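Keep the sequence and the 3D view at hand while reading.

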Amino acid sequence: MSNEYRAVGKSFPKVDGHKLVTGAPAFTDDFHLPGMLWGKILASPHAHARIRHIDSRKAKALPGVHAVLTYKDVPRVPHTTAGQAWPEPSPYDTYLLDSKVRFVGDRVAAVAAESRAIAEEALRLIEVDYEILPAVLDMEQAMTGASVIHDEPDSKNIYDAGHNVAGYILREIGNVEEGFREADYIFEREYRTQRQQHCSLEPHISICWLDADGRLVIRSSTQVPYHCRRQVAQILQLPISRVHVIKPRIGGGFGGKQEMLLEDICGALALASRRPVKIEYTREEEFYMARSRHPQILRMKMGVKRDGTIVASQMKVLAGTGAYGSHATTVQGNTGSKVLPLYRAPHMLFECHVVYTNAPVAGAFRGYGCPQGYFAQETLVDEIATELGIDPMEFRRKNAIRLGDVDRLSAQLGEGREGLARVIRSCGLPECLERGATAIGWQQKRKQRFDRHEAVKRGVGMACAMQGSGIAGVDWASAFLKMNEDGSFFLQVGASDVGGGADTVLSQIAAETLGVTLDKIVITSGDTDTTPFDVGAYASSTTIISGGAVKKAAQKVRAQIMALAARMLEAPVESLVCAENRISAPGKSISMGDLALHAMYKEKVQIMEGASHFNTDSPPPFCATFAEVAVDTQTGRVQVLHLATAVDLGTAINPMYAEGQVEGAVTQGLGLALTEELLLDGDGRPVNPNFRDYKIFTAKDMPTLSTILVETEEPLGPYGAKSVSEVPINGVAPAIANAIFHAVGVRIRKLPIRPEDVLRALCEEQKEELAAV
């Protein structure tokens, strides 16, 4: 469908690609200011403790130290670090520095010095007397209230601090108990998912300084420059007009940089020292001082009729948010709202307790609660289909949401508040199923049977998923375009390109609308002083929300251009054609450059326009994931041989980058499924905060990938586009778990699936078989 366009649907290289591949300065750390100091944070060695006494005099006296901050030196302002639209739905339970620490890695103090070595020495000189408090590390023990993590009186919006409950959700469609009574069969299982780290190539980093006017300038690797500006101003008690946030190129975010983690403390050090300050997490600090995926225990229950029709679906979740409630209810809300409605059960119930523990803090992560939910739902669906003797793909096809359906659960489960009903206006899931199945060889391989004495057995499994495109009624963006004398255009957007090519995609939308070649668009993004507002890069919103604003602004500019061209060419507007940098009428034409010169120097008019955009719906992209695995029954090792991912993304604005997003998502999904887990010891200390002991998938570990883009036409998206970056991660783990079952006949209901898990399940199955004999 995108063949009709000149800029949209084409795999253009990145508009900033040259500077990236040649090593030109692009990232936060490429920037250096004279007199810049090193900032370092003193991290708590204890999971739960109160600071009885802290003495920073020796650190302050160390030559080369220019600032030392403790909780005594900074404002006490309750806030959330979650980069969300105001008023943030997350609890205000965090402080710049506090007299209580709640996890290993929590802030105790901060210093700014003339070198990293001096800063580290200054940290060692800070004397702290801790009162060690009982630590709560087990989610299931947290609600006993034996040790209260947030006993401070000034935190806000905590659901039940006395029982360590950060947030609670209960929503129901229909009557789920009535639905279970109608069912012929009821299936109920428990699933567990783990703490996963983002592992962005670029760690969190911020540089702060005071400009010539005394304003605080923050250059930071952030997905949310405008939210960051508002929150830093709130915490440091500055007028918003006195804070300027600059987002340079970002070396990966995946949701981890939808947090305000360093900007506030770095800004406080810059204000205290009156010098530029840089703070950057080490890789080890990144693992436990930054954010991770929420671990969950999911209890899934489904009622079905004999013919495989799902009549009732219930999911009850216990989630651990760690020491602070960043994204606590919003992530878990998505576990229900984006997962349960995939199947057309008339009765649904979702309940969730989000509990505090003295573990590292969880937050936003690609998929935003959906990978956990889909692991439970898609594994259970596969088990039900097997028990009923129905092909798992046909079972899903029978029950899946379809074109024209209304997702009523989304109206009850918004982002921390009531949402809006979602109407399915485009749905390529049936085509995703067909093309994914063909790519993996589903029909043939499901029938294969291997010799029971063979050590290595193969199997295929699948899963379906959907996601969203922005947060309905919440996310919005704006864009501004102006025309230059040579017929080029400056495009200004507040959106954040986190490495996925958003600047290029938005430029393609502008070029298509204006009828110019891509080289005529010069984009500036993510600077709160020079670009208009945007909520930032999260919730799969950039293409549909920011792109919608760009298209609106470009349409307004195009209308001005066409009106002037009609006068210059003496032809009616409706007869004009705008393409390839020219406006043509029958028998005559004018270049964009000539028109711009005429506008600016003859008519003395600047052709420019801005626009804002938001949606009251969140169109879901759909995905079907198929996995082929080989399982060694002697070692338990699982090797993924082939992963086929078919994604309905609406129109692919840039197919090459869309494919890159899919392949990046499934890479993280493979880690979630098989290898990645941040482990803690009995005292809450991380035991594997490095790439030696925390295994991520690398190029040599990857299976054969088949990436299939299924194009549909989404009415709410620019040129029919929906999102693509998150939905492919959701189906990887359940598809692999289902393939393992097909290969060796055992169900694994926890992540990651390690060799010992497979071996244990095989041994238990053998014991059951022997007992039956």
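How much area is buried between domain 2 and domain 3? About 1900 Å² is buried there, and carbon and sulfur atoms give 58% of that area. Buried area is the accessible area (1.4 Å probe) that two parts lose on being put together, summed over both.

This is a predicted model: local features need pLDDT of at least 70, side-chain atom pairs count only at pLDDT 80 or more, and totals for chains, interfaces and linings use all residues. Residues are numbered from 1 along each chain as its sequence is written, and side-chain values use heavy atoms, with hydrogens and water left out.

**Domains**

The protein chain is divided into domain 1 (2-25 + 476-614), domain 2 (37-133 + 201-252 + 257-289) and domain 3 (296-470 + 617-772). These bounds come from an automatic or database domain assignment. The centres of domain 2 and domain 3, taken over C-alpha atoms, are 36 Å apart. Domain 2 gives 23 residues to the contact and domain 3 gives 30 residues. Contact means heavy atoms within 4.5 Å. On the domain 2 side, P89, F103 and F287 lose the most area to domain 3, together 29% of what that side buries.

**Two helices**

Helices (H or I, at least four residues) and strands (E, at least two) are DSSP runs, numbered from the N terminus. The expected span of a helix is 1.5 Å times one less than its number of residues.

| Helix | Residues | Length | Reach, first to last C-alpha | Expected span |
|---|---|---|---|---|
| Helix 18 | 655-674 | 20 residues | 29 Å | 28 Å |
| Helix 19 | 732-744 | 13 residues | 18 Å | 18 Å |

Buried means under 20% relative accessible area, exposed over 50%, partly exposed in between (1.4 Å probe, protein chains only). G745 follows helix 19, with a positive phi near 80°.

**A buried serine**

S56 lies in the loop between strand 2 (49-55) and helix 2 (57-61). Its relative accessibility is 9%, so S56 counts as buried. Leaving aside residues up to four places away in sequence, S56 touches V68 and T70.

**Charges over rings**

A charge sits over a ring if NZ of Lys or CZ of Arg is within 6 Å of the ring centre and within 35 degrees of the ring normal. K278 lies over the face of W38, 4.4 Å from the ring centre. K551 has its charged end over the ring of Y719, 4.2 Å from the centre.
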